[in-house]
Amino acid sequence: MRTTMIAVALLAVVGCDEAPTQATPVVIDEPGLIADLGEPFMTVNGFQVGRNEIDVVFKNKGVPAAMLDSVVKSPGGYHIIEEYALATALYRQAVEEKLFEDPQTQLELAFAQRQALSRAMQRTLAQRALTDERVNAWIEDNRDQFALPQKQARQIVVGSESYAEDLMTRLEGGEEFADLARDHSIDMRTAPNGGYLGWFSMQDRPELGRALFAHSKEAVIGPLETPTGWHIVEILGSRDATPAEEQQLIARAALEQKAAMDAMKDMRDSLEVNMQFVGAPENGHLPEGHPPAEGAAEEPAAAADEGGEEAPAANGAGEN
């Protein structure tokens, strides 16, 4: 029942009365063209990619606007750009073969637009609930967290000490850390981003903290054993505390997440749904106080992105 409810909620958010009942071929312009590319960023098989679309790729992965430059140029950011280049090449080939004229593809494109509008409305509702007073109060409540020294690092995690020692030898021989992380690390949260961990305090990663925070300069450390495996860690930078501008970004992200959940709950509670399919609940209405389906997600939908990967860590909170 909850699956149906969420689908209906999505359509309600974007202003549609009902889902399409059949796929009818229509003539549409070439999809996916971007009117304002911004500054040239790269070309993919001769096709121009602009900075504006790169920014959207990273924003969809949760990177705050004020941190785009630093994250785009990070080791994890470079991998995301490579993946987007591949997606762009596939998109251009699909356009050349006019796959957008296929009825099923047209249906998928329309649904993707509805999802994008739904997420935009959800973000807007969340942002409307934010005030400077709430942001500043959240920062004050978390002042101790922001005052901690931090490291910026990336890691490779493998299952045995001998495996880790072999990778250390390869690193010493000049192989690229990010490539080895993507190819060998068993930590699926960080491996796709070249092992990038972002900024974190000793309390954020206590299993590695003592060894990492003993070093004041950039270094490659390992192998280090933890309950999850054998780690090779490259320290990329150090700082004494979380900068004030990042504190604002972290606070807003945390408050927006809660505000988005609250907004979705309010919308869900106010929905009026008449079901018209065979086997629908009696009277065509959802029963009052109906229980959610087992395992149904309560959080708002995450932003869509190419490849479904996590963003590189972009704040002082680190990964837990």
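**View 1. Phe146 and its ring partner Trp138.** In this predicted model, Phe146 counts as buried because its relative accessibility is 2%; buried means under 20% relative accessible area, exposed over 50% and partly exposed in between, computed with a 1.4 Å probe on protein chains only. Trp138 is partly exposed, with a relative accessible area of 22%. A search of the whole structure finds two aromatic pairs. Rings of Phe, Tyr and Trp (its six-membered ring) pair if their centres lie within 6.5 Å, and planes under 30 degrees apart count as stacked, over 60 as edge-to-face and the rest as tilted. Trp138 and Phe146 make a tilted pair, 6.2 Å centre to centre with 50° between the planes.

**View 2. The aromatic pair of Phe47 and Tyr91.** A search of the whole structure gives two aromatic pairs, one of them formed by Phe47 and Tyr91: this pair is edge-to-face, with 6.3 Å centre to centre and 70° between the planes. Phe47 belongs to strand E2 and Tyr91 to helix H4, and the pair links distant parts of the chain, 44 residues apart. Helices (H or I, at least four residues) and strands (E, at least two) are DSSP runs, numbered from the N terminus. Phe47 is partly exposed at 24% relative accessibility, and Tyr91 is partly exposed at 23%.

**View 3. Helix H4, residues 75-96.** At 1.5 Å a residue, the 22 residues of H4 should span 32 Å, and its end C-alpha atoms are 32 Å apart, which agrees; the expected span is 1.5 Å times one less than the number of residues. The buried residues of H4 include Gly76, His79, Ile80, Tyr84, Thr88 and Val95. Among the elements that cover the buried residues of H4 are strand E1 (40-44), helix H2 (51-59) and helix H9 (177-184), where contact means heavy atoms within 4.5 Å. H4 is followed by Lys98, with a positive phi near 55°.

**View 4. Ser201 in its loop.** Ser201 is found between strand E4 (196-200) and helix H10 (206-213). Ser201 counts as buried, at 2% relative accessibility. Its C-alpha atom is separated by 9.6 Å from that of Ala147, 54 residues apart along the chain.

**View 5. Charges over rings: Lys151 and Arg239.** A charge sits over a ring if NZ of Lys or CZ of Arg is within 6 Å of the ring centre and within 35 degrees of the ring normal. Lys151 lies over the face of Phe213, 5.7 Å from the ring centre. Arg239 lies over the face of Trp199, at 4.1 Å from the ring centre.

**Notes.** Residues are numbered from 1 along each chain as its sequence is written, and side-chain values use heavy atoms, with hydrogens and water left out. Local features need pLDDT of at least 70 and side-chain atom pairs count only at pLDDT 80 or more, while totals for chains, interfaces and linings use all residues.
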